[in-house]
Each structure stands twice: as C-alpha cells, then as structure tokens.
Amino acid sequence: MRRAPQPVWDAFVRLFHWALVASIAVAAVTGFVLGPGFIPVHVVAASLAVALVLARIVWGFAGGGYARFAGFVTGPVRLMRYARDVLGGREARHVGHNPLGAAMVLALMAAVLAAGLTGWAFLGAGAKLGPFAFILAHTDSPALAEMHEAVAFTILALVALHLGGVIFTSRREGENLVRAMVTGKKEVGPQDIVPPEREARPGAALGVGLALALVLALAVAAPVLLPVPGAPVAEIDPTARAECTDCHMFYHPSLLPSDNWEQIMATLDNHFGEDASLDAETTAEITAWLSAHAAESADTRASKVFRLDPAKGVTRISDTPFWKARHGWIDPAAFRSPRVGSRDNCAACHADAETGWFNPFFAEVEE
Amino acid sequence: MKGNFRKLALVGALAALAGWPAAAGDTSARQLIAQFAAQAHTQPSVARGKALFMGRHTGGKPETPSCTTCHTQNLRATGHTRAGKAIEPMALSANPSRFTDSAKVAKWFRRNCKSVLGRECTAGEKADILAWLSSL
C-alpha cells in the first residue's frame with residue numbers, strides 16, 4: 001500500500017528537538033568532559049535546555065494534533081499492551097509518537113527539568129549563585145552534586161535508549177525517522193494510527209509562554225536579590241589591603257582559616273622567601289582583622305577548600321589538592337605568561353578574586 | 001642624632017597607622033642622605049652604593065640574591081615583585097616621588113636589606129644606596 005508523505009512534525013517541534021539536542025550536547029560535553037572553566041557555558045546551555053522543555057510543555061497544550069500531549073500521552077495499561085505487541089511483532093504503526101516514544105518524551109523532559117533544578121541548587125549551595133543561594137548552605141553541595149550527576153547520567157541513558165528506539169522503529173517501518181524530524185514529513189498509510197486533528201493555537205501558546213517566562217523571571221529574580229548568608233566580608237580593612245598589596249594581590253581573609261592567617265602573620269620576617277615584616281602594632285591590627293573575617297566566617301566554596309599545612313608541604317594556596325584539581329587542565333605555561341606571572345596571581349583570571357567570591361562566571365578561560 | 005632617629009621612628013609608626021599615604025612628603029633624598037651619612041660619620045659614595053645595589057649577595061634569602069632580583073638592572077624602568085606586582089622605578093630622575101616618605105624608606109630598607117643581605121643595612125650603606133639612586 002502506498003503511503004503519502006504528510007506534514008507531521010511542525011516547525012516548533014523540529015526546532016525544539018534539534019535545539020534541545022544541541023543544548024544537551026553542549027551541557028554534556030562541558031559537564032562531563034571539560035574543566036571547571038566551562039561552568040558558565042554549561043549553565044547557559046543547560047538553562048536553555050530547561051527553557052526549551054518549558055516551551056515544549058506549553059506547546060503540548062496548544063499545538064496541533066501531533067504536538068499535543070493529549071494526542072500521544074498514554075496510560076500504563078496501553079503502554080504495556082503496546083510494548084507486548086512490539087515484542088510479538090504485531091504493533092500498530094503510529095504516525096506521531098508511539099506509546100513508548102511518548103513515554104520517552106515525558107521521561108526526557110522530566111529529566112531535563114530535574115537536571116536544571118538540581119544544577120541550580122548545586123550552584124546555589126556551592127557557588128552561592130542563583131535563586132537557591134539564599135536558602136542553601138555549602139554543606140548541602142556534595143549531596144546536590146551527587147543528585148545532579150545521577151540525573152545527568154539518567155539523561156545520557158535516556159538519550160541512548162531514545163536513539164535505540166529511533167533506529168529500531170526506522171528499520172521496522174522502513175522510514176528514516178531522523179530525516180522526518182528534519183523535514184517534518186512522514187508517510188501516512190490508511191491503517192496507521194493518527195492523533196485526532198486539533199487546531200494549533202500559536203497566539204495562545206505565545207501568550208502563555210510569555211506569561212510563564214515573566215513569572216519564572218520574577219520567581220528567580222526575587223530570591224537572587226536576597227542577601228546570601230555566609231558572604232565573604234565586603235568591607236576590606238585599608239591597612240590590611242595596603243600592606244598586603246605592596247607585593248602581591250589582595251588575598252581575601254575568607255580564603256584561609258584563622259590559624260593559617262595567624263601563622264602567616266607571625267612569620268612575616270620569612271614570608272615566602274622574603275622579609276615582609278611590619279611593626280608590632282600594624283601586625284597585630286592586621287592579624288586581628290584577618291582572623292575575624294577568616295574562612296570560618298564565610299560559607300563560600302573558596303572558604304571551604306583551602307587549608308595550608310606546612311607539615312605536609314602545603315605552604316601556598318596553589319599547593320592545596322583542591323587548587324591543583326581545579327587548575328590541572330590549564331597549560332602550565334599560561335601561569336608564567338607576563339600577564340599572569342605566577343600561580344599566586346588569582347586575580348589575573350578570576351576578576352573577583354580579591355572579593356573572596358570566585359564566581360565561576362567571572363573566571364577567564366584562556367589557553 | 002639619636003633624638004632625630006627617634007622622631008623618624010615615631011613619624012614612621014604614625015604613617016604606618018594611617019595606612020601609608022602615597023607620599024607623606026616629610027623628607028627628600030638629599031635630606032635622607034645627609035641624615036644617614038651624619039649617623040654613619042662617612043661620606044656617601046655613589047660607587048659603593050652601585051656596587052652594593054647591583055651586586056650578588058649570599059647572606060640573605062636564596063630567592064633574593066640581589067636588589068636587582070626585583071628592581072632589575074634598569075632602575076629607570078618598572079621592576080616586579082616576585083609575586084608579579086609592578087614596582088615603580090627606583091631612580092630619582094625617573095620617579096620624583098621616591099624617598100619623600102621617611103617611614104616608607106625605613107620600612108623597605110629594613111625588609112629588603114634583610115631579604116638580600118640577611119641583616120639590616122648600616123646607615124652608611126643607606127646613604128650610599130640613596131646617593132647612587134639619586135645620581136641616575
């Protein structure tokens with residue numbers, strides 16, 4: 001029986017599909033493979049994926065027959081029956097999403113939303129960024145990182161299953177489903193199951209979409225404006241800044257615990273191979289200020305990860321395991337370039353280093 | 001002379017408390033050379049100052065064998081601390097605000113002589129170095 005090509009996947013569905021492929025691909029490569037310097041790219045790409053899924057959900061209620069959830073979402077009973085039919089080789093041909101494909105659509109969209117939620121929560125707890133920063137503590141970040149990773153691996157598994165399903169169905173039905181998602185056209189025979197015809201309502205979709213975007217923007221903006229607990233001290237003691245920056249960048253007190261600072265200040269006569277001694281009064285003043293605003297007073301990531309232990313040969317922040325793990329991807333020659341000078345010059349690449357924040361969005365990525 | 005030195009130390013402590021004004025302007029190279037030379041009962045020597053400043057020494061910290069480690073051989077140009085910060089030129093002709101703040105001069109002579117030589121510089125050595133840097 002001849003099957004006539006008909007428009008099935010509308011322009012939005014196709015655009016959504018391939019944009020989601022691209023954003024998930026970027027998020028996966030930046031998240032799983034590339035170094036921490038790519039966190040901003042990861043966050044942007046992954047947030048785009050979330051926005052795409054939200055738009056697709058709106059379209060699922062306002063699109064035409066093939067795009068509507070009502071046209072392809074099935075309950076577990078029909079899903080199981082369809083799966084049994086597939087195993088028995090007697091399933092009916094669905095022109096739109098078949099029940100297994102529909103389940104995959106829902107699972108992938110849910111997983112992307114879950115990844116976005118856990119990702120932003122992790123960013124809130126770890127980097128003190130975004131709508132969850134005001135409510136989460138740094139101690140929450142390991143659990144959130146694990147959750148985010150588990151969801152990310154789930155997405156990878158779902159993508160693999162989805163590709164398997166596409167290849168299986170393409171072969172079985174003799175139709176290239178990948179090409180169909182590009183052209184939007186599929187062959188429709190008289191025996192095939194098609195969803196009930198429904199008129200697409202792009203105007204309503206756009207209105208609801210914009211309203212949703214506005215509500216979300218407000219819901220994100222409001223908590224972002226709240227004060228973040230455990231913020232590093234913003235007001236820098238002028239004496240401390242002046243004396244420290246005579247020779248090097250200003251290391252924020254929250255980078256090291258108070259006992260580290262006390263030891264550094266007690267041994268200024270041999271400060272990393274130089275005499276940097278100060279008179280007793282100035283030394284005492286700066287030591288007191290550093291200790292009062294040391295790592296113990298902050299809840300940022302940078303306040304939790306550095307600790308000098310001269311007994312173990314960790315005398316510089318760049319000797320700490322965390323520093324090494326985070327900077328291992330960078331070409332060592334980059335640190336010797338005239339602009340950077342040494343591993344001690346955080347501010348060369350972290351524009352906000354002297355504030356103690358180390359926001360990943362302010363870190364420069366250079367070869 | 002002792003009273004004078006005490007006054008210098010007092011000014012230095014006050015300046016340190018105030019957080020280093022860029023140039024206190026309480027002195028000049030000429031005044032400082034005269035004071036140090038008088039303290040040491042020697043005549044300042046440009047040649048001795050040059051030899052001390054440009055030479056390599058072993059008494060101090062291995063990271064800083066010479067003043068030129070950071071200040072470089074070209075004293076009219078900008079030097080660099082080992083941590084990469086710029087150091088304004090040392091030559092008076094290239095940087096007229098040099099040696100106008102007695103507390104700052106005292107602080108850096110104390111620190112840097114210890115780093116390079118392993119001891120404080122004598123008043124005579126200070127007079128020599130300032131004479132050399134003023135002659136450039």
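Guide: The account below begins with the core and then moves outward to the rest of the structure. The model is a predicted one.

The largest nonpolar core has 35 residues. Those that touch the most other members are Ala46(A), Ala49(A), Val112(A), Ala121(A), Leu123(A), Ala125(A) and Phe132(A). Four helices of chain A each supply at least two residues of this core: α1 (11–33), α2 (39–62), α5 (99–126) and α6 (141–173). The greatest contribution is that of α2(A), with 12 residues. Val112(A) shows how such a member is surrounded: with its neighbours within four places in sequence left aside, Val112(A) is in contact with Ala49(A), Val50(A), Val53(A) and Ile155(A). Apart from this core lies another, of 22 residues, which includes Phe53(B), Met90(B), Ala131(B) and Trp132(B).

The helix α2(A) also packs against helix α8 (residues 202–225) of chain A. Their angle is about 145°, and their axes are 9 Å apart. The crossing of α2(A) and α8(A) is right-handed. From α2(A), the contact is made by Leu54(A), Ala55(A), Val58(A), Trp59(A) and Ala62(A), and from α8(A) by Ala204(A), Ala205(A), Val208(A), Gly209(A) and Leu212(A). By class, the residues of this contact comprise 9 nonpolar, 1 polar and no charged. An α-helix has 3.6 residues a turn, so residues three or four places apart point the same way.

Lys128(A) is found in the loop between α5 and α6 of chain A. Its phi is near 60°, a positive value in a residue other than glycine. Lys128(A) counts as buried because 27 other C-beta atoms lie within 10 Å, the cut-off being 20 or more.

The context now widens to chain B. Of its 136 residues, 34% count as buried. Chain B has 6 helices and 2 strands, and along the sequence these follow the pattern α-α-α-α-β-β-α-α. Among the contacts in chain B with a separation of 6 or more, 65% are between residues 24 or more positions apart.

In α2(B), Leu32(B), Ile33(B), Gln35(B), Phe36(B) and Ala37(B) are buried. Just after α2(B), His41(B) takes a positive phi of about 55°.

Phe99(B) also has a positive phi, near 60°, in a residue other than glycine. Phe99(B) is placed in the loop between β2 (86–87) and α5 (102–117) of chain B. With 22 other C-beta atoms within 10 Å, Phe99(B) is therefore buried.

Finally, the two chains meet. The contact takes 17 residues from chain A and 16 residues from chain B. On the side of chain A that touches chain B, the elements giving two or more residues are α9 (238–244) and α11 (280–292) of chain A. The largest share of that side, 3 residues, comes from α9(A). By class, the side of chain A that touches chain B has 4 nonpolar, 8 polar and 5 charged residues.

Technical notes: Residues are numbered from 1 along each chain as its sequence is written. Chains are lettered from A and ligands numbered from 1 in the order in which they are written. This is a predicted model: local features need pLDDT of at least 70, side-chain atom pairs count only at pLDDT 80 or more; totals for chains, interfaces and linings use all residues. A nonpolar core is a set of buried Ala, Val, Leu, Ile, Met, Phe, Trp, Tyr and Cys residues joined through C-beta atoms within 7 Å. A residue is buried if 20 or more other C-beta atoms lie within 10 Å of its own, exposed if 12 or fewer, and partly exposed in between; C-beta atoms are placed from the backbone. Two residues are in contact if their C-beta atoms, placed from the backbone, lie within 7 Å. Ala, Val, Leu, Ile, Met, Phe, Trp, Tyr, Cys and Pro count as nonpolar, Asp, Glu, Lys and Arg as charged, and the others, Gly among them, as polar. Axes are lines fitted to C-alpha atoms, for helices over the stretch in contact, and angles run from 0 to 180 degrees between N-to-C directions. A crossing is left-handed if the near helix is turned anticlockwise from the far one by less than a right angle, and right-handed if clockwise.
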